[in-house]
Amino acid sequence: MAMALRLYLLLIVFVSSAIVSFSLYEDQVGLMDWHQRYIGKVKHAVFHTQKTGRKRVIVSTEENVVASLDLRHGEIFWRHVLGTKDAIDGVDIALGKCKESCLDVPNTVFAFTLMYHRSMLRAWNLPDGQMVWETSLHSAQHSKSLLSVPVNLKFDKDYSILVFGGGYLHAVSPIDGELLWKKDFTAEGFEVQRVLQPLESSIVYVLGFLHSSEAIVYQIDSKSGEVVAEKSKAFPGRFSGEISAVSNDKVVVLDSTRSILVTISFVDGEISFQKTLISSLVEDSGEAEILSPLLSNMLAVKVNKRTIFVRVGDQGKLEMVDSLSDETAMSDSLPVADDQVAFASVHHEGSKIHLTVKLVDDLDTVLLRESIQMDQHRGRVDRVFINNYIKTDRSNGFRALIVMEDHSLLLLQQGAIVWSREEGLASVTDVTTAELPVEKDGVSVAKVEHTLVDWLKGHILKLKGSLLLASPEDVVAIQEMRMKSSGRSKLTRDHNGFRKLFIALTRAGKLFALHTGDGRIVWSTLLNSPACARPSGISLYQWQVPHHHAMDENPSVLVVGRCGSDSSSPGVLSFVDVYTGKEISSSDIGHSVVQVMPLPLFTDSTEQRLHLIADTDGHVHLYPKTPEALGIFQREFQNVYWYNVEGDDGIIRGHGMKSSCAGETADEYCFTTRELWTVVFPSESEKIISTLTRKPNEVVHTQAKVSTDQDVLYKYVSRNLLFVATVSPKGAGEIGSVTPEESALVVYLIDTVTGRILHRLSHQGCQGPVHAVFSENWVVYHYFNLRAHKYEVTVVEIYDQSRAENKNVWKLVLGKHNLTAPISSYSRPEMFTKSQSYFFPQSVKTIAVTSTAKGITSKQLLIGTIGDQILALDKRFVDPRRTLNPSQAEKEEGIIPLTDSLPIIPQSYITHSLKVEGLRGIVTAPAKLESTTHVFAYGVDLFYTRLAPSKTYDSLTDDFSYALLLITIVALVAAIYITWALSEKKELSEKWR
Amino acid sequence: MDKGKAVMGAGRRWAVDFSDQSTVPSSRDILDPPGFSRVSPEQDDSATSRQKKDAEANWKLQKAWEVAQSPFKNLMMMGFMMWMAGNTVHLFSIGITFSALWQPLSALQSVGKVFEPFKDNKVELLMPKLVFLALNLGGLALGIWKLNTLGLLPTHASDWVSSLPPPQEVEHSGGGFAFH
């Protein structure tokens, strides 16, 4: 028996070595998490295909990203995500060999970017994306900026990059970014419109308008920046801002009535105007708009939903040469061989798009005509960029990079889509979760992928790995096997709730469903509306989550959108089936949408959730519009309230339901409200910078908090609490713009039913921005302390004093207590708070908190740091009960000794080595398994992982070796038998002796 | 209990031997002579048997008292073990506590059986039984006290409210910044 025991002990040691610890090992990266890199909607694209080798395109996007993409596969070579305010105004590339003066990199190709906000000009090395130089330009004021890179730029002192920005024209040396000269154009009322630099000329023309009624042309020597000549001419009338440069000495401007095109030519500095009525060019006149594409000697004008091409003759005479239907996108003109200039246009026809490349001079010459089948859910074509290449038969081939309405980026070549990128996902605005279909018998989506032999092989490999016997090849095989684990990406619900869908709404108004297993797009749909072509999406709500009929009813989400950008424009409701991604219905609701209030407690018999939508008139509308929902709502009519925060005025107003608006409209689902309370913050000392409530669907397990000495504190858990942070108006700006004496941060906890201020806490000498998270009965917020020159985090926990009397055990045993009785905000609960502050070494972009199915598991704060990573910080670190010297009992309970700052443990970055560039939000959702929570972070990139804040106490880890367990059992049984037989034999021989 | 029985059996054999020797000095292997009737004087006989019974009863009572007091030793030992085990919940302290609870319980269950051998008309077993019960109850109390000090008894308010869900709210409010 001793032998069996020894064997058993040995096996125990092996089994315990297979149990994983909490932090992530290198080979666990990618098992539960995925990361997707995006760039956003492309604004500018510059091709770089001249050289042999890797063909690439440099793009700048609306998410402020400069990236170099592989033209063959669409992969990102390199990418730089700039700050949210650093909008990129222009990108251009210059080719050229570097002479001895410029760095060590031979054969450098630069990409230049110009940023609007800070007026910076940066040069990047094209092959690897390293920044070569950066020049900060004078930016006294914000104005539009222009970048002009000479076509045949050489890396020489004689050539310069001209940049107009902040009211100055700058000439910058391409070699090292040195500012060669600058010219002031900040004169009152003067607006620079165009900077033109004719080829082979040392004269730069700067065209601007003075008070929109006088055209001025400056001729500037490009070497010295001296003004050579200045001409001006008054215009009888006013210019609108729209301008198109058609050639090196002519521009076409629209006047302020938008019905006259004015050709301004400034040959040799003489300015002449030539007016052309649009009605003389095209019969049906109306308000015109100059389109952005730059075509040589031609311009595109949009009149009455039609695009017309207007040729500009030598004498400035305009004539219409072609017209196209509205849904046409055009590219800039592109020089092709033999002084010819071509441009591309794309228009829709049914489910196809037609790409046409024509010569600018001769619109009848079609160089290319292709038709491509296009997914309906991409919308129309928004932008086109073309590039030509020489085919083997010496003819011109064209490739077109197109940006669709849903922000996706596609490369078309030879009549096919070579690659596509779903760039809409770089601008996610709202996220919700949804369940996958239940696995039904017989229609299982999953295939039986493993035969028994495969299964056994896999387990033997795993066993080898855990016994440290695996060879490097085996390790690779094991890793691959774990990554491809069949269960991960199935399209059905699993036991643990690990497989889910994240529904993401993007700025373009497109819905994406992402699978948590591998991050692939399960479906995507572009919102439609009967009222307007493309409503903009506002927010996303769970509409129907069937539990009783989970087998035969599909859940759906509600997308609230709006036709137009104004807050009074009419709203659109879309209901989208979560399983299929089909739009069930879409309705134009005929009133504006100011706020949407889901009523999570009220569902009708089909488990549709009731929602209230407030409009600009102070009315609220009930959805779904069914008599049943109306009945449910009317029962709770007196108990429903709403409030709105007027940030500019510093007022919070609370409203109660009054009556049906039957008097004004016949709509019985519309209700009027009356104002119940207002909280007015003094505008001279406080400005609202942040408000926050608890997540309405958060589950709280218990109302009691037990301290070390068995004492009970009752949490004040209420959905009707609003956290408000205000700062002094002076301190609302950037950090450090005020002295500590001038700035104060005040936080409030306000009951949104009665308007009562439950708690007020003032931080003198502190400043925003405030990032906060509100969960259960606590708020944690992050701000800047000007006195200490450090960021601080404060936690406030709220407890109910009025229930603290419930301490008699017998009453509790017999159930004679009022702890579960419904509570009302009007009962004026007494409450007290506990708070504590800590320094935090990092700047923060967003904070979230983990959420689990039953709320039992301890919580972690998920802090999105300025470095675009996510840090998981145990709630235990922000516990007001922390003291400098906790007693033994407190230590056993897990109270950490108080320190002045919160620790950042490098292993607790849940994003490990990755960055979620441009991080904007973190969403958590519970899995079915209590210990586990889903975390989805979005910004320019997307990141998903699964977290277990208290480790996976309720399940075996993924890499638990069942084979090892099985083998252990078998070995043990065998050992028992062998030792039994041996002992029998021994006994027998003893007896015979 | 086994011990008690063995003592009793041996005692009876010895008593018989003694009486035999007092009445019949000769060996019992030899038959009585003819005409001799072995009739002992009646009063003598009854006196001996009464004496015998009294002794037995005394002895039984003594033994019953011994048995009744035996849990006391146990109690002391248990107390010592508990003190050694400390007040934190771990395998050792839990084992000790549960054995401290189990022993008195099983003893209380078998109280009838324990005192069965001493059952006699003349023996007053009530007091020993009561002492036995009291001592075992004392042991049980000690076990329960230990359980409480370990924090495993729901004697605090916190034990009854820690799983109470937060109360429902009557009012419902929503809103925030206007969409823009």
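Colleague: What should I know about the model and its numbering, and what pLDDT do side-chain atom pairs need?
Modeller: Residues are numbered from 1 along each chain as its sequence is written, chains are lettered from A and ligands numbered from 1 in the order in which they are written, and side-chain values use heavy atoms, with hydrogens and water left out. Because this is a predicted model, local features need pLDDT of at least 70, while totals for chains, interfaces and linings use all residues, and side-chain atom pairs count only at pLDDT 80 or more.

Colleague: How many helices and strands does chain A have?
Modeller: Helices (H or I, at least four residues) and strands (E, at least two) are DSSP runs, numbered from the N terminus. Counted in this way, the secondary structure of chain A comes to eight helices and 64 strands.

Colleague: What percentage of the 993 residues in chain A is buried?
Modeller: A residue is called buried under 20% relative accessible area, exposed over 50%, and partly exposed in between, using a 1.4 Å probe and protein chains only. For the 993 residues in chain A, the buried share is 53%.

Colleague: How many salt bridges does the structure hold over all chains?
Modeller: Side chains of opposite charge can pair when their charged atoms come close. A salt bridge here is a side-chain nitrogen of Lys or Arg within 4 Å of a carboxyl oxygen of Asp or Glu. Over all chains, the number of salt bridges is 31.

Colleague: Which residue forms a salt bridge with Glu63(A)?
Modeller: The closest N and O atoms of this pair are 3.1 Å apart, and the pair links distant parts of the chain, 444 residues apart, with Glu63(A) in the loop between strand 3 (56-61) and strand 4 (65-70) and its partner in the loop between strand 36 (501-506) and strand 37 (510-515). The partner of Glu63(A) is Arg507(A).

Colleague: Is Glu741(A), which meets Arg787(A) in a salt bridge, buried or exposed?
Modeller: The two side chains meet at 3.8 Å, N to O. Glu741(A) lies in the loop between strand 52 (721-727) and strand 53 (744-751) and Arg787(A) in the loop between strand 56 (778-785) and strand 57 (790-800), so the pair ties together parts that are 46 residues apart in sequence. Arg787(A) is partly exposed at 47%, while Glu741(A), at 60% relative accessibility, counts as exposed.
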